[in-house]
Amino acid sequence: MPLTPTDEIVRRARAAGVGVGAFNVLQLEHAQAIVAGAEAADRPVVLQISENTVRYHGALEPVALASLAVARAAKVPVAVHLDHAENPDLVREAVTLGLGSVMFDASKLPYAENVAATREVVEHCHQHGVWVEAELGEIGGKGGAHTPGVRTDPEEALAFVTATGVDALAVAVGSAHQMVTRDAVLDFDLIARLREAVDTPLVLHGSSGVSDADLAAAISAGMTKVNVSTHLNKAFTQAIRTHLAEHPTAFDPRHYLTPARTAVAQEVSHLLTVLSPS
């Protein structure tokens, strides 16, 4: 199946009133597992590559090309997305490599500088048919600008979207990055007010900390794209720990990465049916 643009996946989900799962790729096994889970659920999916993962690999190209190859071989629609890029040069490289969307994060900058930097990225990406997500109102758990307790103001969100021309907006409504427990308390009323205020799809970051019931409620309130990373990493690592505990003399990584990949695929399949139940 040809690579599917993120815009198409998100637009269809929004029109249907369902959510889109966007899952972070740390290595090839993650990309394979995420697509396997999407195929099992028969749902579209977004593969995300963060700037942190780019640093881990030392470059964007190897992990991006691998993810694109896995996406093109999928039996369901799959998009490949650059997540939380703070460096405009990395955004331009992603565009050149063929990624269909980027999330440009200038939220650590003062508001006016955030607007100016984001607008410049949007202009470049739109010239190449690339969809842009940006952030206003910091999501907790990353330090610096990402301060827990911050909430996105609907009026400021409208002003930001209007000034930058972004295609989707990541908003702060109570979730936090890198949560290992699923007890985040979302502000569903704020989600509804943000949905009413802006006409672009809303994105929930830090969704690993949100329960299944609250993920479904967030979609009903107005969220569309839902980002998950830590929850999958927990499943991946736990499967490895279990295998090594049961096979203490194991040394071939393929033997413990295989159950890890299966565990992630199962979680992806489950979460996709939570976000898009029909």
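Contact here means heavy atoms within 4.5 Å. With that in hand, M223 touches V171, V173, I191, L202, V203, L204 and A218, leaving out residues up to four places away in sequence. This is a predicted model, where local features need pLDDT of at least 70 and side-chain atom pairs count only at pLDDT 80 or more, while totals for chains, interfaces and linings use all residues. Residues are numbered from 1 along each chain as its sequence is written, and side-chain values use heavy atoms, with hydrogens and water left out.

**Nonpolar cores**

- A nonpolar core is a set of buried Ala, Val, Leu, Ile, Met, Phe, Trp, Tyr and Cys residues joined through side-chain atoms within 4.5 Å.
- Buried means under 20% relative accessible area, exposed means over 50%, and partly exposed is in between (1.4 Å probe, protein chains only).
- The largest nonpolar core has 80 residues, and F23, I34, L47, L60, L82, V173 and M223 are the ones that touch the most other members.
- Helix α11 (residues 253-275) gives this core its largest share, with 11 residues; helices (H or I, at least four residues) and strands (E, at least two) are DSSP runs, numbered from the N terminus.
- Another core, of 7 residues, lies apart from the largest one, and A13, V18, A22 and A79 are among its members.

**Strand β3 and its partners**

- Strand β3 (residues 78-85) is mostly covered, with 8 of its 8 residues buried.
- On one pairing, strand β2 (residues 45-50) runs parallel with β3 over 6 bridges; two strands pair if DSSP finds at least two bridges between them.
- L47 has V80 in β3 as its bridge partner.
- β3 also pairs in the parallel sense with strand β4 (residues 101-104), over 3 bridges, and L82 stands opposite V102 in β4.
- β3, helix α5 (residues 88-97) and β4 form a right-handed β-α-β unit; right-handed means that, with the strands pointing away from the viewer, the path from the first strand over the helix to the second runs clockwise.

**Two buried polar residues**

- S101 sits in strand β4 and counts as buried, at 0% relative accessibility.
- The S101 side chain makes polar contacts with the side chains of T6 (2.7 Å) and H81 (2.6 Å).
- A polar contact is a pair of N or O atoms within 3.5 Å; within protein, one must be able to donate a hydrogen and the other to accept it, and residues adjacent in sequence count only if both atoms are side-chain atoms.
- Setting aside neighbours within four places in sequence, S101 is in contact with T6, V80, H81, L82, V130 and W131.
- N24 is in strand β1 (residues 20-24) and is buried too, at 7% relative accessibility.
- The side chains of N24 and D83 are joined by a polar contact of 3.3 Å.

**The aromatic pair**

- There is 1 aromatic pair in the structure; rings of Phe, Tyr and Trp (its six-membered ring) pair if their centres lie within 6.5 Å, and planes under 30 degrees apart count as stacked, over 60 as edge-to-face and the rest as tilted.
- The ring centres of Y111 and F160 are 6.3 Å apart and their planes are at 55°, so the pair is tilted.
- Y111 lies in helix α6 (residues 111-127) and F160 in helix α7 (residues 154-164), so the pair ties together parts that are 49 residues apart in sequence.
- Y111 is partly exposed, at 33% relative accessible area, whereas F160 is buried, at 0%.
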